[in-house]
Amino acid sequence: MSQPASLTWLARHEFRLGWRDWVSLLTAGGRTRARNATIGLVAFAAFMHVFAYWTVASYADTNLAFDTAALVGITGTLVLSWSLLLSQAMESVTRAFYSRSDLDLILTSPASARKVFAVRMGRIAAAAVVIAVLLAAPFINVLAFLGGSRWLAGYGVVAAMGAVATAAALALTIALFRIVGAKRTRLIAQVVAAIIGAAFVIGLQIAAIFSAGSISRYAALQSNWMLAHAPGMGSAFWWPARAVLGDHAALVCVVTFGVGILCASIALFSRRFGEHAVAAAGVSSATVRQRRWSHGFRSRSQGHALRQKEWTLVRRDAWLISQTLMQILYLLPPALLLWVTFRDGHESFVVLVPVVVMAAGQLAGGLAWLSISGEDAPVLVATAPISARRVLWAKVEAVIGMIALIFAPIVAVLMLDAVFAGIVCGLGILTAAAAATLIQLCFRVQARRSQFRRRQTSSRLATFAEAFSSIAWAATTALAASGSWTALGPAAIAFAILAGVWLISPSRA
Amino acid sequence: MKQDRPIALALRGVSKRFDRPAVDALDLTVYGGEFYALVGPNGAGKTTTLRMVVGLLRPDAGSISIEGIDALSDPVAAKQMTAWLSDEPMIYDKLTPYEYLEFVAGLWRIAPAAAEERARELIGWLGLEPHAHERCEGFSKGMRQKVALAGALVHDPKLIILDEPLTGLDAGTARQVKNVLRDRVRAGGTVIMTTHILEVAERMADRIGVIAGGRLIAEGTLDDLRQQTGKSATSLEDTFLALVAEQVAAA
């Protein structure tokens, strides 16, 4: 048994909390759910292994030489994955700073706050490493099964990437605390995390569009410019890629570097982490004054009052805007592709239409959750003299209104290129948005808006239905825009998804 | 005397069961212009009763009439005359008090000019003027409670129902809330309030209803309740404890 308040004792406590969080996230406390979650995880692992086989099997037996093209390709993939890990780690570090759950207990206890926070940072790193390893495992397993054990070195590289991502996230977040202060760090860190997660993919796609006219992120990595400007073969920059390819010396260096930088960060930042956590805990929401109320109360219908309220709440919440509109960021590459090809006189709508429709569906799903489930004053609305049907209808109108406003410029530009495609795209956007809203209506729950990030875990069924519905409507619209009758196929699937959702909807019970 | 007044709220045989009966064939009458306090031990069914009155729960049996309107068959008309305030009211963090009141007035379809005047009045009464144009996200519990109370009053309800409205409020804020409620009753409004603070019920209420096990076990003025226990000159606390003890013994 370890001594109370020692590092190992605290680590065991953190591990127990982390394990229980993870189990309750998967099972929501139910035995049936636990069984279903286990079956789901096994099925997902199997699916991922099949997917990995399909994507990487052809590389397994190849005796990859340490040539620049291979190293650039592998390094690019690693950096891409690392940016996502960094994004996740920043989220976790920010949450740890601002979560007040047990802070009072910790800081009023005689235990060393430095030790507690060191262990907490270790937990964040462990979570980042576990997630990275779990996601990479199918690919590494397939490569090792088909191409030999040398590929197992990938596990070491991925674990080191998780450790470095956590160290970087700690440094970035603490730097933000020092630069912008405790009040603003939360929002900025979350926005930065989201942008880091998206920017690398989007940047590569934009580079690919300009260099090769393709939206593939790998086109840029294999371009002549990139190969010509890559560092020399002996550079330490290639160590991770060399380690993946089975270079044991490189693997030892990468793992040592990862563990070393993480330990150094924990040692360096654990004292400051505590100080900043205290500062964050003392931050109450900043007072925000609105423009002086000059126009007076306006005459409006009940529906208008509800719509206006929804729009105002979304407009004023910078964090929510950053979260919901992040999907719009992904529209940048296809929009750029449209512009590039439109400039050259090619018809590009076939590429653009499904992306836009898919994004509209996903965005509408998020907005619908906020509007329908994330009602912060449900009792006020429920006790108002307005029927529940009218309330829901007003909220649907608010969502569709926002989608129409956001996507109207894209549809307008598209119509300059092809009127028919533009009209079909507009209809597809509204249909996908309506379908996503309907799914959220069927799976509506009562939640706080601040739980927006967790909405996907509260109903995985709704999340999957929303995604598949958006995909089906995207395919339908793309085929319809190109004048093909085969559009009826995905449309039928989309309707089947909606019918299925309606049949199993908890709100029908 | 009370019987001369119109009935503001009438519950007849109202029952609600969750895993066990929460409210059991409850009959309750509250008259117009009356301040009625509903007291009872934890889990007695007070909140469930009031949530049924305001349409947040549907009873399994019985009828609810608000100002002569059947609240179960015409909930919209009943809600037009009612306001509800809970102990932890939810307001919109990103709206200012003025914007919140404008939204509430819109939901209750109150003419903008009248609602605006009323909003200014309420904000003044409740001492919210310095914060009227600040977003509610930084407000303390007391300030949030005041904003919610202003929201409950901005549409000038005939019947205002409050569930533990003074819980967690400082003395100054609690006094402001009590003053506003007293003014409301003086102006002819009806107030029904649940509370665990028996002194508040004793001082403010015209009549007190004691509920236990989902049934109304005693009702009346403080003197009426004392007579029921057969102990004069005791506090409401002693009377209440005696009534509840009798109920437990009977059960």
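This is a predicted model: local features need pLDDT of at least 70, side-chain atom pairs count only at pLDDT 80 or more; totals for chains, interfaces and linings use all residues.

Residues are numbered from 1 along each chain as its sequence is written, and chains are lettered from A and ligands numbered from 1 in the order in which they are written.

Q: Why are α19(A) and α20(A) called roughly antiparallel?
A: Helices (H or I, at least four residues) and strands (E, at least two) are DSSP runs, numbered from the N terminus. Axes are lines fitted to C-alpha atoms, for helices over the stretch in contact, and angles run from 0 to 180 degrees between N-to-C directions. The axes of α19 (residues 460-481) and α20 (residues 488-504) of chain A cross at roughly 155° and come within 8 Å. Angles under 35 degrees count as roughly parallel, over 145 as roughly antiparallel, 65 to 115 as roughly perpendicular and the rest as oblique. The two helices are therefore roughly antiparallel to each other.

Q: What is the make-up, by class, of the contact of α19(A) with α20(A)?
A: Ala, Val, Leu, Ile, Met, Phe, Trp, Tyr, Cys and Pro count as nonpolar, Asp, Glu, Lys and Arg as charged, and the others, Gly among them, as polar. By this rule the contact has 13 nonpolar, two polar and no charged residues. Among its members are Phe468(A) and Trp473(A) of α19(A) and Ile497(A) of α20(A).

Q: What makes β2 and β5 of chain B edge strands?
A: Two strands pair if DSSP finds at least two bridges between them. The open sheet has the order β2-β1-β4-β5 (chain B), with antiparallel pairing. β2 (21-31) and β5 (69-70) each have a single partner strand, so one side of each is left without a neighbour in the sheet.

Q: How do you know that β7 and β8 of chain B pair, and in which sense?
A: Five bridges join β7 (residues 159-163) to β8 (residues 190-194), in the parallel sense. One of the bridges links Asp163(B) to Thr194(B).

Q: How many residues does each chain give to the contact between chains A and B?
A: Residues are in contact if their C-beta atoms, placed from the backbone, lie within 7 Å. The contact takes 31 residues from chain A and 33 residues from chain B. On the side of chain A, α11(A) gives the most, with six residues.

Technical notes. Two residues are in contact if their C-beta atoms, placed from the backbone, lie within 7 Å.
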